[in-house]
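Biologist: Hello! Could you walk me through this model, one question at a time?

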Amino acid sequence: MASSCSFLLLAALLALVSWQATSSDPSPLQDFCVADMHSPVRVNGFVCKNPMDVNADDFFKAAALDKPRVTNKVGSNVTLINVMQIAGLNTLGISIARIDYAPLGQNPPHTHPRATEILTVLEGTLYVGFVTSNLPAPNRNKFLSKVLNKGDVFVFPVGLIHLQFNPNPHQPAIAIAALSSQNPGAITIANAVFGSDPAISDDVLAKAFQVEKNTIDWLQAQFWENNHN
C-alpha cells in the first residue's frame, strides 16, 4: 500500500513538472535555432536555419529603440522586437519592446497570452496595474496597481489583463518591457470585443455588459486603432 501511494505521488509530481515545462516557450536543445522564415514546414515556432548559414546579422536589428515614436489616438506606441524582427530569437523565449506614452496617454487594457512582462520606466511617471483572474473570493478580479517613477520596475503575470497610463498632462513617458516569449502576442480588450471581424453579435455583448444594444452598436462603430507595431 505504501509503495502504491509513493508511486502515485511520484506520478503526480512528474505530471506537474511536465505541465510547467510546457506552459511557456520550449527550452532550446542547442546553442541556437535561427528561424528559417522561408521553410514550407509548419511547426510550433519556426524551423531551424542550417547552422552553417547562420551569421551575426541573424541576432541583430538596427531598431533605433533610442528614438521617440509617434503615438496614436490612445496616446501610446508599442515597438515590439520579437522573432519576426530578429530570427535568432527563435526558441530563446524572450522579446523586448519600447513603449512611448504621450501626455495622458495610455497602453490600454490588454493581455499577452504567451508571456510574462517585466517593465522598466526610463522617463516620466506611469500608473500601471493588472487584474487577477476569476479566482474564488476575495481575490476575484482584484486590481493590483502602482505608480511608477523613472527607474522603477513592475511585473505583469502571463495572460492577465494589464494597462499603463501616463498621468502627466505635460510630459511624455518611455518604458522598456521584456517578455518571456519569442512571440508573446497581444490582445487589446476593447479592440477584440468591439472591433472583431466579423463583429460579435450585439445581442451577446449587450447581455454580457448589461447595457442597451444601441450602446454596443455605437461602440462597434468606432475605429479601434492598434498601438502595437
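Modeller: Gladly; a burial term comes first: buried means under 20% relative accessible area, exposed over 50%, and partly exposed in between (1.4 Å probe, protein chains only). This is a predicted model, where local features need pLDDT of at least 70, side-chain atom pairs count only at pLDDT 80 or more, and totals for chains, interfaces and linings use all residues. Residues are numbered from 1 along each chain as its sequence is written, and side-chain values use heavy atoms, with hydrogens and water left out.

Biologist: Is Ile118 buried, partly exposed or exposed?

Modeller: Ile118 lies in strand E4 (residues 117-123); strands (E, at least two residues) and helices (H or I, at least four) are DSSP runs, numbered from the N terminus. Its relative accessibility is 39%, so Ile118 counts as partly exposed.

Biologist: Which cysteines does a disulfide join?

Modeller: A disulfide is a pair of cysteine sulfur atoms within 2.5 Å, and by this rule the count comes to one. The S to S distance is 1.9 Å, and the two joined residues are Cys33 and Cys48.

Biologist: What is the strand order in the open sheet of five strands?

Modeller: Two strands pair if DSSP finds at least two bridges between them. Two bridges join strand E3 (residues 106-111) to E10, and these run antiparallel. With antiparallel pairing, the order is E6-E5-E8-E3-E10.
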